[in-house]
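Open the model in a viewer and follow the stops below. Each stop says what to select and what is there.

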Amino acid sequence: MEFFPGWALEHRFIEEPDLPVFAEVDVLVVGGGAAGVAAATTAGEAGKLVLLVERYGFCGGAAVAGLSGTICGFYKAHENRHEPEQVVFGFSERFKQELQKKGGITAPQLYGKTYTHTHDPLKWSESAEHLLLEAGVRILFHTVVSGVIMDNEDCRGVILESNAGRSIVYAKRIVDASGDAAVIARAGYRHVFGDQGRIQNPTMIFRLGNVNLEEWRDYYGEDTISPPKLVDAIKLAHDSGRYTLPRHKIWLFPTTQPHELLVNATRLSGHDGRFLNVIDPVDFTEAEISGRRQVREYARFFADNMPGCKDSYVVATGTEVGIRQTRSIIGIETLTNDDVITCHKRTDGICRVPWPIELHSGNMPKLHWLIDDYYEVPYGTLVPEAGENIIAAGRCLSAEHEALASARVTAQCFEYGHAAGQAALLSLATGRRFRDIPGEEIRAHMARHGSAL
């Protein structure tokens, strides 16, 4: 259940409302982020009639609207400096190659004990549109799901809402790639919010232009995680009262553009210190107003104190705050914290994850590295414990709090979408329910399409 007392969801329609039918499709994908693009492209390329709906006017989700700006999760971590060792491929690698064709992604950049990439947000959206349209997917922007049409506990379709009004889409299979489990929640299926409602902080990410990168790099170094001297300088500046800089350990990434940095620095909580859950529009609004104010404070600190940034300026912030966590489904399986820490491998694993537990809670992000190893996410984490014809993909998978802080990153979300797309195809072809398809079978189909499993 939702725990926001002022907001009641009217979402389940057992009897069909008197609305026009917009479409009847094989696969409906809700959300145009990494998972949604992968799921829709996978199903479309197999010749299915696919509709993807997205609330913004572009694809990208947290990667573009939230300006997360990096594609994390490709590479193993090592104790000593090491060449990048990639262990995740499949749709993730395919999308990376699309970005490379457009000059929209950097070479691997050092991030602590591993590597990441910075991408160009516009070229991310263009790459997604290219793949979707080539696959024959119908895209519908500026549209949200406001309700779900149910047959007892099974999903038969959704209510779409836009400025044009409301309409029905019937779908044989639905992929909830909203990031927030928006369809699953509206269907009334169980879900949770983090650790008993305690979720990771959102962040307002921004791009800083007119940076002398040579001077900046001489000071900052090659690692995109801030050096201790900068952490100390930020803390001293904050404690002096001259700046409001609540997060001290920050991350700065050179982008594909000259003289520009992507800045992951802000830490957003309520004015009363509470955790902000951006499912609630009150919290969402507070996060974005507070986030833009913090952006100005960090930009001012950089201009005053960080070499290479004297004449820098804010190019853009995210369209929305960067969201790390909201709802997580209750799946037929759950990725546990212990699965991550022990690097658990499994025969029904549909994605490798070498990324650390990166938990944003408090002044200093917590990092627990998986050295020289990775774990695998089971297929059942994408399948809701109850209900039929719907599967999740993306950061709303069934996972414990700290496990999600590792499993939620972009390279993996592409692979969750790939898995959901393959599952939809198998379900349609054989008439089996999502829960009756063995993860081993999904894994084998993904491996034939390039995933390293």
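Which residue just after H6 takes a positive phi? Select Gly241: its phi is about 85°. This is a predicted model, in which local features need pLDDT of at least 70 and side-chain atom pairs count only at pLDDT 80 or more, while totals for chains, interfaces and linings use all residues. Residues are numbered from 1 along each chain as its sequence is written, and side-chain values use heavy atoms, with hydrogens and water left out.

Next, select residues 228-240, helix H6 (helices are DSSP runs of H or I with at least four residues, numbered from the N terminus). H6 has 13 residues and spans 18 Å from first C-alpha to last, close to the 18 Å expected at 1.5 Å a residue.

Within H6, colour Leu230, Val231, Ile234 and Ala237, which are buried (under 20% relative accessible area, with exposed being over 50%, 1.4 Å probe, protein chains only). They lie on the same side of H6 because they cover an arc of only 130° around the axis. These buried residues pack against helix H5 (213-220) and helix H7 (281-305). Turn to the other side of H6 for the exposed Pro228, Asp232, Leu236 and Asp239.

Now show helix H2 (residues 90-101) with helix H10 (residues 410-430). They pack at an angle of about 120°, with axes 7 Å apart. H2 passes H10 in a right-handed crossing. For the contact (heavy atoms within 4.5 Å), select Gly90, Phe91, Ser92 and Phe95 of H2 together with Ala411, Phe414, Glu415 and His418 of H10.

Conventions:
Helix = DSSP H or I, 4+ residues; strand = E, 2+ residues; numbered from the N terminus. Expected span 1.5 Å × (residues − 1). Arc of directions from axis to C-beta. Axes fitted to C-alpha atoms, helices over the stretch in contact; angles between N-to-C directions. Left-handed = near helix turned anticlockwise from the far one by under 90°.
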